[in-house]
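Please examine the sequence and the predicted model shown below.

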Amino acid sequence: MATYKLELKLNGEKLSAQVLAHENLLSVMRNKLGAKEVKNGCNKGDCGACAVLLDGKAVNACLTLALQANGKEVTTVKGIGTEDQPHPLQESFVRHGAIQCGFCTPGMIVSSKALLDTIPNPDRRQIREGISGNLCRCTGYNKIVEAIEDAALKRKS
Amino acid sequence: MINTRILTQEFDYFAPESIKQVVELLERHGEGARVIAGGTDLINQMKEEKMSPSCLVNIMNVKGLRYIKEDEGLRIGAATKLRDVRAYCFKSRYVALYEAISSLGKPQVWNMGTIGGNLCNASPAADTAPPLLVFKARVKLVGKDGERELLLEDFFTGVNSTVLQPTELMVEIHLDPPGDGAGNAFLKVARVGADISKVSCAVFLKRQGRTCTECRVALGAVAPVPMRVKVVEEMIEGREIEESLVAKASEIVSEEVKPIDDIRSSAEYRRQVAAVTFRDVFWKAWDRAIGGKN
Ligand SMILES: Cc1cc2nc3c(=O)[nH]c(=O)nc-3n(C[C@H](O)[C@H](O)[C@H](O)COP(=O)(O)OP(=O)(O)OC[C@H]3O[C@@H](n4cnc5c(N)ncnc54)[C@H](O)[C@@H]3O)c2cc1C
Ligand code: FES
Ligand code: FES
């Protein structure tokens, strides 16, 4: 079977890999590009654990063929902020107890970053809509919503 | 239906840049070839092994398939992302389409999924279909024998089936201009937010004072294809609108739909909810119609 050359920018770094057409972005990220921060929850588009930014827009990597990302820029939670230099959203999640088991967090941060990039001062309804594609089984969402709201406020001031 | 959650079948892949190349690739690779736009329907169907194409032709790099423009109504390129259509239709004269896309999935789906994909997948529950039907949308198809245009009503032929030939793709969706005194609305009933519809309904109407001069009604998820309910439209057009008339019309809606029992709802439930949903959507569109004096 033919393999294809995949070229993309992952968190600012140019990378390439040989992939098969049926490999999805999620498995290529985790297994070929070392991006284990992208989580595999449902693998069918329902939970958002695998969310990444594709040219700045949140998409589910499990529903995306790796080749659909060819030539594009992919950003994961690690590209949004690092341990040394966390993004205000990441700090806010920690401060608000918006992380319990943490499995949903990489996707939640990705979706909330995408939200704040388009709506810098979202109201609660807009925040809920922004993370509506991300399931969390631990927090009950309120702390996540508060964390995002607070991060937006802090950024404004 | 089991979703294996992995793609097991191998296939060839192309990402051409022109409509002509898409058609050539579809022709060259025959029956096993399929178009992929956002892939949000197709990839899950492949994981469920409902679909096993031998070749995928990605149309997202094709020039001239992603646009929204006002030109004798609204023209939308088939590969336009749901996200962009939704943003455009917010507070527009096509607000029912905004409401339909808002109810359909979530940001990740709007960012990947396309309006053409929602139609070509031809789910009975495709949420953009009822509003597009009431806007009298026409779809433009291009294939090896050239171009043709038809009413969206004539596009669907059954569950997941359309008039599309193997070498054809949809290139444009064209909505009629609403005109003055028009109102429209969409509503869906689902188990939870962003789930597939149990029943969906869109209404387009025009009013002059208390009289409804034009009316179109479409429902989704209550028949093998998204359907217009023309008897109801005829009942309402040209009449003064009163509670009793709308109540009678909603009874006819529940007689006209042809729902099935499935995991989401029973047919009987769908019939009753179709009536109520129609009534609510009708009044919403009625209140929105400008030029109407109470
Ligand atoms: C979590 C989730 C929730 C969802 N919720 C809803 C919902 O509530 N309501 C709803 O209606 N849908 C829903 N969907 C389905 C889906 O997102 C939409 O139908 C979407 O619009 C499909 O567009 P696409 O570009 O991803 O299509 P694809 O998956 O790329 O294609 C779908 C089909 O159409 C064909 N096709 C696509 N474009 C063309 C074209 N231009 N010409 C010819 N053939 C073409 C493909 O060959 C394929 O058979 C949901 C999906 C997910 C993953
Ligand atoms: S793993 Fe992709 S949406 Fe759940
Ligand atoms: S913190 Fe556990 S799933 Fe969200």
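The lining of the second largest pocket comprises nine nonpolar, six polar and six charged residues; here Ala, Val, Leu, Ile, Met, Phe, Trp, Tyr, Cys and Pro are nonpolar, Asp, Glu, Lys and Arg charged, and the others, Gly among them, polar. In this predicted model, local features need pLDDT of at least 70 and side-chain atom pairs 80 or more, whereas totals for chains, interfaces and linings use all residues. Residues are numbered from 1 along each chain, and chains are lettered from A in the order written.

A pocket is an open set of points on a 1 Å grid where a 1.4 Å probe fits, with protein on both sides within 12 Å along at least five of seven lines; lining residues have an atom within 4 Å of a point. Thr118(A), Ile119(A), Glu129(A), Arg86(B) and Trp110(B) lie nearest the centre of the second largest pocket. α4(A) gives the most to this lining.

| Feature of the second largest pocket | Value |
|---|---|
| Space | About 520 Å³ |
| Lining | 21 residues |
| Contribution of α4(A) | five residues |

Helices (H or I, at least four residues) and strands (E, at least two) are DSSP runs. In chain B, five strands form an open antiparallel sheet in the order β4-β5-β10-β6-β7; strands pair if DSSP finds at least two bridges between them. β4 (68-70) and β7 (146-151) of chain B each have a single partner strand, so one side of each lacks a neighbour in the sheet. Five bridges join β6(B) to β10(B), and Val142(B) stands opposite Leu169(B) in β10(B).

Definitions and conventions. Heavy atoms only, no water. Points joined across faces, edges and corners; volume = space filled by probe spheres on them.
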